[in-house]
Amino acid sequence: MGSNHEVHIEVNGELRTCTTEARTSLADFLRDQLGLTGTHLGCEHGVCGACTVLLNGTPIRSCIMLAAQADGQSVTTIEGLSGPDGELNGVQEAFCKTHALQCGFCTPGMVLAVQALVDNVPEPTQQDIDDAIGGNICRCTGYVQIREAIELVLGDVAKVRTSDDATVGAR
Amino acid sequence: MTKKVEPVAVAKDKTLHRYLSKPARVREDRRFVTGNGRFVADLTPSGTMHIGLVTSPYPHARIVAINVEQALKLPGVVAVLTGAELAKATEPLRQYIDVPEVQWRPLAVESTRYAGEWVAAVVADSRALAEDGAELVVVDYEPLPFVMDPERAAQDDAPLVHPSHGTNVMVKREFVWGDVAANRARAHATTKVRTRWNRNSTVPLETFGVVADWDQHRSVLDIWASIQMPQFPEQIAGALRIPTNQVRVHFDVDVGGSYGVKRGIKHGVLAGFLARQLGVPIKLIEDRSENMHGGDFHGPDRIFEVELAYTADGEFTNIRIDVLDDEGAYPGRSPLQLAKPIGAIVGPYRIPSAEYNAIAVTTNKTGQVAVRGFGQSPTNYAIEAAVDAVARELGMDRMELRRKNFIQPDEFPYKIPSGTEYDSGDYPGVLDKAIEIANLPELLRECETIRAEGRLAGIGVATCLEPGGGNAIFENIMDPSTDKSTFPESCRIRVDGGGAVTAIVSISSAGQAHETMVATLVGEELGIDPDRVAVVRADSLSGFPSQSPVGSRMAIVLGRALHGAASELKSKMCAIGARALDLTPDEVAYCDGSVASVKDPSVSIGWDDLVGIAHRKQHLMPPGMQPGLEVMHVAHTPKSGTLTAPDGTVQLYPCFSFEVHVVLADIDPSTGKVDLKRYFIAHDCGTVINPDVVRGMVYGGTAHGIGVALYEQFAFNDDGQPLTQSFMDYLLPSAHEVPVIVDAEHCTPSPYTTHGQKGVGEAGYMGAPAAIAGAVNDALTACGAEPIHSLPIKPSDIWRALNARTPNQEGSS
Ligand code: FES
Ligand code: FES
């Protein structure tokens, strides 16, 4: 179907050169062609966030971006977060400590969304946190333990509280 | 009321547990945070072909012709299967009530009965090509009259969904329990509330998927599926007309959420049939719209009328519940969801008599399936709405009215009028805990402050039960010709020749952390560190009887099986140890991996020696003993084994968890938008196994209930077309909508389980819809508007309720 394109994408720090159909989404490319099945598909229409990956460090929805559009760019998937021997990074460790998941289907996207917050926002406010995970749907957890994981990884609960609101997350 | 308690030793003192109820990591989490879950979509055996589906655009239509020519010409497409072809070679899917003319099949035959129903399947090299092929299949339809409204469907002259059945009424059951006339006569008044629980579902983030592969030389159909379904292998075999020992369902597949719905029989039959037909692995992964409309995964869709009779001082004397449930086009297992609430038909209240009239009808909507709680949450909502209405009538505080009617802690076990015995509970204690964590006086002040600022505010309260330990007796209730009375669960515990412990189960899990649960329970039973216990999943051929994790039953029923297996293992070790110590088996006891003399514990034999004898030293084994340390145990559900009595009384589930929700809603009067400012739950599921798992269930079920109360509905237009086709219009709550939920756990152990544990898989969801509706209605009635009794409560509903006020009423706000 349609034209084929050769793409050069840096995936989890490794340069990958592949041929892909023009219509193939980045998510399908990662899953089917590179075998990186940690990127999940929940809706395939850009709403749920399960397919979140980092494109040059910014969270994007890989189901509504074509693989060809990622040519020449850098992609981080969930597989790229842990260490070479499977060591958990800080965000992953915090998710385990607070049991911030149940079925694990939203988890890779959620972990990457939180990773981007940690990497890109120096002193996140409650609003920043809501915005960081607000586009990732989790049907299992009610987000409470995800918020706890975020607090844990940010290290200082006080920092994420807005002064006028004592209950974290209440709006 | 019987006072006899089946004796199971229960450690009332939580400190007696070494591993249960203690903070501990959830072993499953690691694989998921690293992206190493193994979901069915991740499995693609070599040579796999993919299914694309052709779906009906009409709610009801005769299939005149299907032209597959263009589709077959598309390079990459290998086959197109129609319903007529599939029907010739397979049996219809199972119905659980006696309706032989209502035939449910993976692909529609002769006519389609809802928009989105599968009509044909295209098989191709890739999913994308299969979808391209599906677009090229041309179906000629002749539209037929259809019916979307359940009340209309119940009328004699309604268009028929299954004409040869002669009516849209699938089942109608009427029950009267207790002395209704006398209890009604004792009442000072009655309050009637009509409530509407609109169609929604659990909508897991992972859609349903299945991979099927037929090995013709071994005669085995291998199936990997994202299931949570009792008797899945048997039903696949039955529909495909092959022996049950030729279907091997693999349970070591991670399921991306289910909460009841991931049944997927029709998906499994379709993929299994094509795998056998084409001799290649077949993969079917629903897309989101197929999942929302073609999968037959919708939930209850109900109209209730609850009439509560009460005395002048607020004592409930009788309850009548009439319910009409819209099953969609194919009832399947869904009518049974009307039966389960019989086991908690009076909620946590001491109501001496009850009437229950349940009707299930078909309409031209997607088929209904089991949803979290199996009909209990809608029923809880209807009961709680009536309780709130009585409070309004009497001008009584809603919490005090509930407290007055609670079954008291010293009344357990308590038999309710429908014949089910509640195991244990401390309803006033849990309510007190909720009041305490909510800091009620402060919450009331906050509510007043919001009102004073010109917005609407209300507090909601719900006190609801979660029956746990699911059995299948509802099949017998709804269809007395079905006499199934057990619903067993099993496991194997193995101590291998190296002394390591492995627990083997044959279920799949969808986020319930069963591996952690099993390891913790085995550790507790054997007195060894749970981290030393491996947990693996046998497939359906090498495994044991299991009914899958439905009905909040694994902690209870699998817990019982684990206890049975561990006990047998310990007695075997005791027999070996006694012989080695030159004692009789009753002179020794097992403790933390050793066997020691009861009289003199310093005389003992340790784990390695016991294992060595069992595996390698026949000369030291007690005569006649089987070598090895391998025990399998199959357990019935506690308190099962009886059928429905002729008077309609029945013991449903054995254990009853309880939850109290207190929620503060802040409503913008100009937009009708509801903001849940504070959310508190006090929850009692007996002995907790893993605290983080339990609170996670409570939070998650509550968030799901928030969706039901305020956002989620499968809506249809007058033409029978679904209006909710994607996550843009079917709204799952995000972190923006779900407030921080504060949970406090209370522990009233169950006398019927091995460690006092009860069910928790449906927690939060049992009471959240009722509590949120209560909060909104408190806000509305406080400003003179009428309460809303239909879920979800949309901003437009609130706006309408506010604008329907007379000027006089508005003045009271
Ligand atoms: S799968 Fe990409 S946003 Fe849902
Ligand atoms: S953990 Fe299941 S969807 Fe988030």
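These legends go with close-up views of a predicted model.

**View 1. Two domains of chain A meet.** Chain A is split by its domain assignment into domain 1, covering 1–80, and domain 2, covering 81–166. Take the C-alpha atoms of each, and the centres of domain 1 of chain A and domain 2 of chain A sit 23 Å apart. Where the two touch, 19 residues of domain 1 of chain A are in contact with 16 residues of domain 2 of chain A. Interface size is often quoted as the accessible area lost when the parts come together. Here, domain 1 of chain A and domain 2 of chain A bury about 1,300 Å² between them. Carbon and sulfur atoms account for 59% of that buried area.

**View 2. Helices α4 and α5 of chain A cross.** This close-up has helix α4 (residues 126–133) of chain A packing on helix α5 (residues 144–154) of chain A, at an angle of about 125° and with the axes 12 Å apart. α4(A) and α5(A) are therefore oblique to each other. Their crossing is right-handed. On the α4(A) side, look for Gln126(A), Ile129(A), Asp130(A) and Ile133(A). They meet Ile146(A), Arg147(A), Ile150(A) and Leu154(A) of α5(A). Sorted by class, the residues of this contact between α4(A) and α5(A) come out as 5 nonpolar, 1 polar and 2 charged.

**View 3. Helices α7 and α8 of chain B cross.** Over in chain B, helix α7 (residues 232–240) and helix α8 (residues 265–278) have axes that come within 9 Å and cross at roughly 50°. That angle makes α7(B) oblique to α8(B). The crossing of α7(B) and α8(B) is right-handed. From α7(B), the contact takes in Phe232(B), Gln235(B), Ile236(B), Ala239(B) and Leu240(B). Their partners in α8(B) are Ile265(B), Gly268(B), Val269(B), Gly272(B), Phe273(B) and Arg276(B). By class, the contact of α7(B) with α8(B) has 7 nonpolar, 3 polar and 1 charged residues.

**View 4. Helices α15 and α16 of chain B cross.** Further along chain B, helix α15 (residues 514–526) and helix α16 (residues 554–581) cross at roughly 35°, and their axes come within 10 Å. This crossing of α15(B) and α16(B) is right-handed. α15(B) brings His514(B), Met517(B), Val518(B), Leu521(B), Val522(B), Glu525(B) and Leu526(B) to the contact. From α16(B) come Met554(B), Ala555(B), Leu558(B), Gly559(B), Leu562(B), His563(B), Ala566(B), Leu569(B) and Lys570(B). The tally for α15(B) with α16(B) is 11 nonpolar, 3 polar and 2 charged residues.

View 5. Check the backbone here: the peptide bond from Phe412(B) to Pro413(B) is cis, with omega near -5°. Pro413(B) belongs to the loop that runs between α11 (398–405) and β16 (414–415) of chain B.

View 6. Leu791(B) and Pro792(B) are joined by a cis peptide bond, with omega about 0°. You'll find Pro792(B) in the loop between β29 (790–791) and α20 (795–803) of chain B.

**View 7. Asp592 of chain B has a positive phi.** Asp592(B) isn't a glycine, yet its phi is positive, near 50°. This residue, Asp592(B), sits in the loop between β22 (588–591) and β23 (594–597) of chain B.

Note on methods
Residues are numbered from 1 along each chain as its sequence is written. Chains are lettered from A and ligands numbered from 1 in the order in which they are written. This is a predicted model: local features need pLDDT of at least 70, side-chain atom pairs count only at pLDDT 80 or more; totals for chains, interfaces and linings use all residues. Side-chain values use heavy atoms; hydrogens and water are left out. Axes are lines fitted to C-alpha atoms, for helices over the stretch in contact, and angles run from 0 to 180 degrees between N-to-C directions. Helices (H or I, at least four residues) and strands (E, at least two) are DSSP runs, numbered from the N terminus. Angles under 35 degrees count as roughly parallel, over 145 as roughly antiparallel, 65 to 115 as roughly perpendicular and the rest as oblique. A crossing is left-handed if the near helix is turned anticlockwise from the far one by less than a right angle, and right-handed if clockwise. Contact means heavy atoms within 4.5 Å. Ala, Val, Leu, Ile, Met, Phe, Trp, Tyr, Cys and Pro count as nonpolar, Asp, Glu, Lys and Arg as charged, and the others, Gly among them, as polar. Domain bounds come from an automatic or database domain assignment. Buried area is the accessible area (1.4 Å probe) that two parts lose on being put together, summed over both.
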